[in-house]
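Hi! Here is the structure I promised to pass on. Have a look at it first, then read my notes below.

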Amino acid sequence: MPLLDKPGVKDFVAAYQAHYGLVPTQRAFFVYEATKLVVDAMRRANSDQPAAIEAALKTTDMPSALGGTYKLDDHNHPHTPIQILGIKDGRPAVIAVE
């Protein structure tokens with residue numbers, strides 16, 4: 001949500017708009033954070049080998065700019081809060097974070 005008032009989100013939106021001339025989609029933001037997760041894992045593994053990266057990903061505990069933390073569960077799925085969007089006072093807004 002480009003209107004989300006969080007520093008990491010605002011920085012991403014500004015950089016994305018400056019580069020592409022478009023407002024980013026949520027998918028673009030998730031790809032950005034996924035890339036950060038892999039880079040973090042590669043740095044912690046001190047390797048670019050798939051097995052080492054996979055092992056490092058399993059120990060990930062990285063904050064998301066949306067709130068929450070990327071940390072894998074027993075099924076290797078990261079979970080971060082879900083934003084529920086709606087209209088508030090006639091404008092798009094985040095109305096809940098679950």
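**What I found**

Asp40 and Arg44 pair up in a salt bridge, with their closest N and O atoms 2.9 Å apart. (A salt bridge here is a side-chain nitrogen of Lys or Arg within 4 Å of a carboxyl oxygen of Asp or Glu.) Before I go on: this is a predicted model, where local features need pLDDT of at least 70 and side-chain atom pairs count only at pLDDT 80 or more, while totals for chains, interfaces and linings use all residues. Residues are numbered from 1 along each chain as its sequence is written, and side-chain values use heavy atoms, leaving out hydrogens and water.

Back to that pair. Asp40 and Arg44 are about one helical turn apart, because they sit four residues from each other in helix α2. (Helices are DSSP runs of H or I with at least four residues, strands are runs of E with at least two, and both are numbered from the N terminus.) Asp40 is partly exposed at 25% relative accessibility, and Arg44 is also partly exposed, at 40%. For those words, buried means under 20% relative accessible area, exposed means over 50%, and partly exposed is in between, using a 1.4 Å probe and protein chains only.

In total there are three salt bridges in the structure. Another one joins Lys58 and Glu54, at 3.6 Å from N to O. Then there is Lys71 with Asp61, at 3.8 Å from N to O. Lys71 is in the loop between β2 (69–70) and β3 (83–88) and Asp61 is in the loop between α3 and β1 (62–63), so this pair ties together parts ten residues apart in sequence.

Now the helices. How do the axes of α2 and α3 cross? The axes of α2 (residues 26–45) and α3 (residues 50–57) come within 8 Å and cross at roughly 105°. (Axes are lines fitted to C-alpha atoms, for helices over the stretch in contact, and angles run from 0 to 180 degrees between N-to-C directions.) So α2 is roughly perpendicular to α3, a label for angles of 65 to 115 degrees. On the α2 side, Leu37, Ala41, Met42, Arg44 and Ala45 make the contact, and on the α3 side Ala52, Ile53, Ala56 and Leu57 do; contact means heavy atoms within 4.5 Å.

Finally, the largest nonpolar core has eight residues: Leu4, Val9, Phe12, Val13, Tyr16, Ala28, Phe29 and Leu66. (Such a core is a set of buried Ala, Val, Leu, Ile, Met, Phe, Trp, Tyr and Cys residues joined through side-chain atoms within 4.5 Å.) Helix α1 gives the most to this core, with four residues.

Methods: Angles under 35 degrees count as roughly parallel, over 145 as roughly antiparallel, 65 to 115 as roughly perpendicular and the rest as oblique.
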